[in-house]
2 protein chains.
Amino acid sequence: MTAAPESVPDAAHKAHPERRHAEGAENYAKAIYQLQADDDEPVGTGAVADRLGVTPASASAMLKRLADDNLVEHSPYRGVRLTPEGEQLALEMIRHHRLIELFLAEVLGMPWDRVHEEAEVLEHHISEELEELIATKLGQPARDPHGDPIPSRELDIEDDRTVALSDLEVGGGGVFERVSDRDPEMLRYLDSRGIRPGAAIEVRARDPFEGPIRVSVSGDEHALGTPLARRMRVSAER
Amino acid sequence: MTAAPESVPDAAHKAHPERRHAEGAENYAKAIYQLQADDDEPVGTGAVADRLGVTPASASAMLKRLADDNLVEHSPYRGVRLTPEGEQLALEMIRHHRLIELFLAEVLGMPWDRVHEEAEVLEHHISEELEELIATKLGQPARDPHGDPIPSRELDIEDDRTVALSDLEVGGGGVFERVSDRDPEMLRYLDSRGIRPGAAIEVRARDPFEGPIRVSVSGDEHALGTPLARRMRVSAER
DNA sequence: ACCAGAAGTTAGGCAAGGCTAACTTTCTGC
DNA sequence: GCAGAAAGTTAGCCTTGCCTAACTTCTGGT
């Protein structure tokens, strides 16, 4: 009866002096990072709540906890900004997310429009060691299947030199770099039209008042709605 | 500003009328299943608590919740038994666990003694679709890297025809089928001695009072402690 | 400059799980 | 067969997150 003591599932990971954060905190950090984008305006509570699908009250409470944990600076009523620590956490999750997306697509053949939601869950549950094995298997890739850059092991991320397709004038264009991975229907649609990252794209015509945008992609013409065009990023010309 | 509504991360999976269970319930079901083993004695609260590393009080409360959810039958003070629904849940987790272990070892080259703890986490977070992709990639395998049988897609599991090495008499033996995956040190030790599932093993001598057991494995002799031998399963001779 | 509405926060609840301390039930040894 | 030990349960509390309802602060239009 007195068998060897079962290995209790206690402190598993972490060699580095890196604090553990709950899944909730990880999602908030990622959301704030993505809302913060390039401009460094603080992010409003409502925007965070919106993106995470919770009420502003819940977000408000959570942001206070994040501030206690030193992941954000929070000036009540005026918004939050990630601290360096919060940004690291966000980038860590983004690295996980994009590595997992690429892995699922490349190694397991999961369709382009399905990898996002799977990665959304798994990103919180892989160890550093598994992250590294995946990155190695993929050859330390720089971009995920939607064209998004993957932060390096040291969490450096290539800065964004793209513009939204919806912001281009007629005659503008470049290489279609990436598209938000968050809407499977959009992904399926683009994929079915043969519009994939890496393709050359050019704006042929625009209609006023959010009308369709006519573009040519590798010879073919397509008319795209503005909401879609807003999510498509094209390499900036310089 | 009124962009397309972001896809909220609500009800994601489940085509089948399959209820969702929290991670906690999944772990309890698995623990009870494994404690129940073949004998169908009910499992005590303390044993469950022990295996999961929680206090008996916590387990007691949780078992009541599982009973409400129809995963176990609970007679107060006398123990729990899984319901068919609870057993399905346990087998589902065991299938996930063992597929993930094998996948990590085969596809990513993760060492034998590390796959368990990674799988312990991930088993709760893969979708049915990913489960299927993994199983396909591995060719619908029947056993994980420790030699444990993997339940089929329909959750049928091969019944156990093995005995503990510690229960064999001198002269007894058979094929070393598997070993508990829960103790990395044991795994590393066996691996370093070249004792791996599939090898022929025979008991050469035993000392009384839990003394070492001398066995031969593919020509070499080893002396194994009783606790270790208790966790090694050898194909039953008939 | 003010006030209404928008944005944010506080208060009070709930559910899951965990803990300790105290109490009950069951089992066992004499 | 009964007392004390062992096993199980209850009570009361904590934390993480989420909710609704009510309150506060900020901001923009006249």
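Biologist: Leaving aside neighbours within four places in sequence, which residues is A:Phe103 in contact with?

Modeller: In this predicted model, A:Phe103 is, together with A:Leu130 and B:Leu130, one of the residues that touch the most other members of the largest nonpolar core, which has 34 residues. Once neighbours within four places in sequence are set aside, the contacts of A:Phe103 include residues of both chains. They are A:Leu108, A:Ile134, A:Lys137, A:Leu138, B:Phe103 and B:Leu108.

Biologist: Which elements give two or more residues to this core?

Modeller: The core that has A:Phe103, A:Leu130 and B:Leu130 among its members draws on helices of chain A and of chain B. From each of these chains, the elements that contribute two or more residues are helix H4 (84–108), helix H5 (115–122) and helix H6 (128–137).

Biologist: Which residues are the closest to DNA strand C?

Modeller: DNA strand C is surrounded by 20 residues, and of its atoms that come within 4 Å of the protein, sugar and phosphate account for 75%. By class, the residues of this surface divide into 10 nonpolar, 8 polar and 2 charged. The closest of the surrounding residues are A:Gly46, A:Ser60, A:His74, B:Ala22 and B:Ser58.

Biologist: How far does a polar side-chain atom of A:Ser60 lie from a phosphate oxygen of DNA strand C?

Modeller: For A:Tyr77 a backbone N or O atom lies 3.1 Å from a phosphate oxygen of DNA strand C, and for B:Thr55 a backbone N or O atom lies 2.9 Å from such an oxygen. The elements that give two or more residues to this surface are helix H2 (45–52) and helix H3 (56–68) of chain A, together with helix H1 (23–36) and helix H3 (56–68) of chain B. In A:Ser60, by contrast, the atom concerned is a polar side-chain atom, and its distance from a phosphate oxygen of DNA strand C is 2.8 Å.

Biologist: Where in chain A does A:Tyr77 lie, and is it buried or exposed?

Modeller: A:Tyr77 has a positive phi of about 75° although it is not a glycine. Most residues other than glycine have a negative phi. The residue sits in the loop between strand S1 (72–75) and strand S2 (79–82) of chain A. Because the relative accessible area of A:Tyr77 is 89%, above the 50% cut-off, this residue counts as exposed.

Biologist: Is A:Ser216 buried or exposed?

Modeller: A:Ser216 belongs to strand S6 (residues 213–217) of chain A, and, leaving aside neighbours within four places in sequence, A:Ser216 is in contact with A:Ala200, A:Ile201, A:Glu202, A:Arg204 and A:Glu221. Because its relative accessible area is 9%, under the 20% cut-off, A:Ser216 counts as buried.

Biologist: What distance separates the centres of domain 1 and domain 2 of chain A?

Modeller: Chain A has 8 helices and 8 strands, and its C-alpha trace spans about 75 × 45 × 30 Å along the principal axes. The chain is divided into domain 1 (23–82) and domain 2 (162–235). Taken over C-alpha atoms, the separation of the two domain centres is 30 Å.

Technical notes
Residues are numbered from 1 along each chain as its sequence is written. Chains are lettered from A and ligands numbered from 1 in the order in which they are written. This is a predicted model: local features need pLDDT of at least 70, side-chain atom pairs count only at pLDDT 80 or more; totals for chains, interfaces and linings use all residues. Side-chain values use heavy atoms; hydrogens and water are left out. A nonpolar core is a set of buried Ala, Val, Leu, Ile, Met, Phe, Trp, Tyr and Cys residues joined through side-chain atoms within 4.5 Å. Buried means under 20% relative accessible area, exposed over 50%, partly exposed in between (1.4 Å probe, protein chains only). Helices (H or I, at least four residues) and strands (E, at least two) are DSSP runs, numbered from the N terminus. Contact means heavy atoms within 4.5 Å. A residue is near a molecule or strand if one of its heavy atoms lies within 4 Å of it. A polar contact is a pair of N or O atoms within 3.5 Å; within protein, one must be able to donate a hydrogen and the other to accept it, and residues adjacent in sequence count only if both atoms are side-chain atoms. Ala, Val, Leu, Ile, Met, Phe, Trp, Tyr, Cys and Pro count as nonpolar, Asp, Glu, Lys and Arg as charged, and the others, Gly among them, as polar. Domain bounds come from an automatic or database domain assignment.
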